[in-house]
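Please report on the salt bridges and helix packing of this model.

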Amino acid sequence: MSDIDYAPPKPSNLTKESVYQLAESIGQQLGYSPGGDLGFIIKSIGGNILYRDFWSDSDSGSLKVDAENNFQIYVANDTSLERDRFTIAHELGHYVLHYLWPNRTPGNGPLKLKANRYGSDRAEWEANWFAAAFLMPEEKFRIEFSKRPGDFFTIAKVFGVSALAAQTRAKALNLT
């Protein structure tokens, strides 16, 4: 089937706080710990991570879910490990928020979903909120931040993210 058969993600319209809580809950349910193996997590729920070239500098990943609930996360060949981890968690956010969440009620969501990581609409914001909370759960992040306030490079290493992602998470949690 062609890509035209795939629906784009529609916002869940959950609050930011609800997205954070959902992401942290799913991380716990899947046995994820900060800095852990995202490949293992994705495989454990039936997905695959594939690396490829993207045509746009602004695009670093995408998600494709078929009618049988199989999904692939595509990550750019030319980005850093930290960026890749955020991209994978972002696409997992699309899978949870924009595929599984609407499908919790039969007939309520898309049969197939395709999300490209670019743009700045509500669905993209939600996937970013999910990724941040999944990779950097609030309680653990607060503990690390209290040990080394403002040392975003060291904090980022604990969570396997970029210093900018750690700084953004601190700001979102009103720590800076």
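R142 and E138 sit four residues apart in helix α5 (residues 138–147), about one turn of the helix. Helices here are DSSP runs of H or I with at least four residues, numbered from the N terminus, as strands (E, at least two) are. The two side chains form a salt bridge, with their closest N and O atoms 2.9 Å apart. A salt bridge means a side-chain nitrogen of Lys or Arg within 4 Å of a carboxyl oxygen of Asp or Glu. R142 is partly exposed at 33% relative accessible area, and E138 is partly exposed at 24%. Salt bridges with shared partners also join E144, K147 and R148 into one network. Buried means under 20% relative accessible area, exposed over 50%, and partly exposed in between (1.4 Å probe, protein chains only).

This is a predicted model: local features need pLDDT of at least 70, side-chain atom pairs count only at pLDDT 80 or more, and totals for chains, interfaces and linings use all residues. Residues are numbered from 1 along each chain as its sequence is written, and side-chain values use heavy atoms, leaving out hydrogens and water.

The structure holds five salt bridges. Three of them are listed here.

| Pair | Closest N to O distance |
|---|---|
| R142 and E138 | 2.9 Å |
| E126 and R122 | 2.9 Å |

E126 and R122 are four residues apart in helix α4 (residues 122–135), so about one helical turn separates them. An α-helix has 3.6 residues a turn, so residues three or four places apart point the same way. E126 is buried, at 0% relative accessible area. R122 is partly exposed, at 28%.

E138, F141 and F145 in α5 meet A166, R169 and A170 in α7, where contact means heavy atoms within 4.5 Å. Four of the contact residues are nonpolar, none polar and two charged. The axes of α5 and α7 come within 11 Å and cross at roughly 105°. The two helices are therefore roughly perpendicular to each other, a label for angles of 65 to 115 degrees.

Key: Axes are lines fitted to C-alpha atoms, for helices over the stretch in contact, and angles run from 0 to 180 degrees between N-to-C directions. Angles under 35 degrees count as roughly parallel, over 145 as roughly antiparallel, 65 to 115 as roughly perpendicular and the rest as oblique. Ala, Val, Leu, Ile, Met, Phe, Trp, Tyr, Cys and Pro count as nonpolar, Asp, Glu, Lys and Arg as charged, and the others, Gly among them, as polar.
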